[in-house]
Amino acid sequence: MLILNKTAGVFLKPSKRKVYEFLRSFNFHPGTLFLHKIVLGIETSCDDTAAAVVDETGNVLGEAIHCQTEVHLKTGGIVPAVAQQLHRDNIQRIVQEALSASRISPSDLSAIATTIKPGLALSLGVGLSFSLQLVGQLKKPFIPIHHMEAHALTIRLTNKVEFPFLVLLISGGHCLLALVQGVSDFLLLGKSLDIAPGDMLDKVARRLSLIKHPECSTMSGGKAIEHLAKQGNRFHFDIKPPLHRAKNCDFSFTGLQQVTNKRIMKKEKEEGIEEGQILSSAADIAATVQHTMACHIVKRTHRAILFCKQRDLLPQNNAVLVASGGVASNFYVRRALEILTNATQCTLLCPPPRLCTDNGIMIAWNGIERLRAGLGILHDIEGIRYEPKCPLGVDISKEVGEAAIKVPQLKIEI
Ligand code: KG4
Ligand code: ZN
């Protein structure tokens with residue numbers, strides 16, 4: 001059973017609540033005169049327990065997050081059962097903190113939106129079962145959220161962006177390029193054939209033992225690579241970008257990780273050190289892997305822009321490219337994408353870094369978008385399940401590959 005604190009207002013006396021509900025039906029609020037739509041968003045798809053309360057004008061009324069990064073860094077990766085336990089330990093506190101910070105009564109919520117796909121089964125399950133209890137208690141509509149849809153739409157909270165726009169989602173669990181034509185209307189242009197770029201960076205960071213590096217010990221792998229790369233020289237190594245010959249918008253990062261591992265082993269031999277010790281050339285390796293990853297991402301995105309313009313799916317001028325997801329908080333990647341958008345007369349928009357990584361705000365905002373569009377608002381939660389795997393939109397990546405668009409050379413010099 002959930003126990004929300006009394007100050008949050010769940011336990012209103014029945015008589016008072018009746019009056020309140022009556023007032024609400026007229027869209028009248030004693031304190032604020034007119035009540036906006038307000039959504040509570042809950043996110044537990046991976047290793048962050050996050051919640052936020054957002055209104056329809058994009059005001060973040062309250063927010064709370066518990067990151068598990070430090071715990072998982074110690075075990076060298078996410079152990080699903082550990083993530084599940086940490087979500088269980090924190091979800092009530094986090095939701096309560098977000099609600100209390102918002103200073104609204106839970107009865108003022110228009111709906112509760114929760115990530116139900118895709119993600120780690122054990123993690124998704126915690127958020128969903130908590131949300132369903134809350135939905136039952138508060139008698140509110142439930143809005144199931146697709147995690148990647150939420151990442152894609154976050155930009156409409158921070159910027160005035162109309163459909164259609166191109167979105168590049170690059171994180172630890174996902175990597176895709178999609179055309180966003182509406183709140184729930186996506187064309188998938190390409191995706192990673194193996195691991196996501198954030199996963200690759202996390203693996204390289206682990207192989208370099210960056211957790212032992214005094215400047216990086218509390219950083220995620222990607223952040224640690226970005227930090228060290230600033231001190232490194234990418235020209236000390238040369239790694240070819242993946243899928244050089246494939247004229248589509250798909251990605252691949254496993255090869256890059258394996259080649260980098262080989263370089264690390266070679267360097268360890270040369271420097272006479274064991275795996276687990278920090279290489280003197282760690283910063284150079286970080287710079288090289290970051291640069292190669294950025295070039296690969298830019299090339300696929302370049303082809304996606306050309307394809308969409310060729311098919312009139314995007315305007316010829318001032319088309320918008322949105323980059324989001326944990327890896328899009330990387331400033332080197334952003335700079336590389338800026339070079340691309342300048343060369344193609346597009347505009348690059350990225351949410352601020354804290355909204356690029358997983359958070360509750362994007363889930364609540366996705367709830368607002370769906371409420372406004374009247375899409376996927378459930379009044380009956382019977383039979384609702386989480387889905388660990390779930391593609392985004394209509395997959396046209398084959399058509400993109402068949403178009404075989406040649407991408408002109410672009411110098412990424414940062
Ligand atoms: O979006 P996110 O918080 O979670 C999902 O994967 O959905 O992304 C986390 C990923 C991790 O792999 C992390 O290493 C990477 O994003 N990341 C970064 C940076 N900050 C986080 N990668 C590159 N540069 C960064 N600054
Ligand atoms: Zn994410």
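Predicted model: local features only at pLDDT ≥ 70, side-chain atom pairs only at ≥ 80, totals over all residues.
First, the ground rules. Local features need pLDDT of at least 70 and side-chain atom pairs count only at pLDDT 80 or more, while totals for chains, interfaces and linings use all residues. Residues are numbered from 1 along each chain as its sequence is written, chains are lettered from A and ligands numbered from 1 in the order in which they are written, and side-chain values use heavy atoms, with hydrogens and water left out.

The domain bounds come from an automatic or database assignment. Domain 1 is 38-159 + 356-392, and domain 2 is 165-353 + 395-403. Taken over C-alpha atoms, their centres are 26 Å apart.

Now the interface. Contact here means heavy atoms within 4.5 Å. By that rule, 25 residues of domain 1 touch 29 residues of domain 2.

What is the area buried between domain 1 and domain 2? About 2100 Å², with carbon and sulfur atoms giving 75% of that. Buried area is the accessible area (1.4 Å probe) that two parts lose on being put together, summed over both. On the domain 1 side, Ile155, Cys356 and Leu392 supply 32% of the area buried against domain 2, more than any other three residues.
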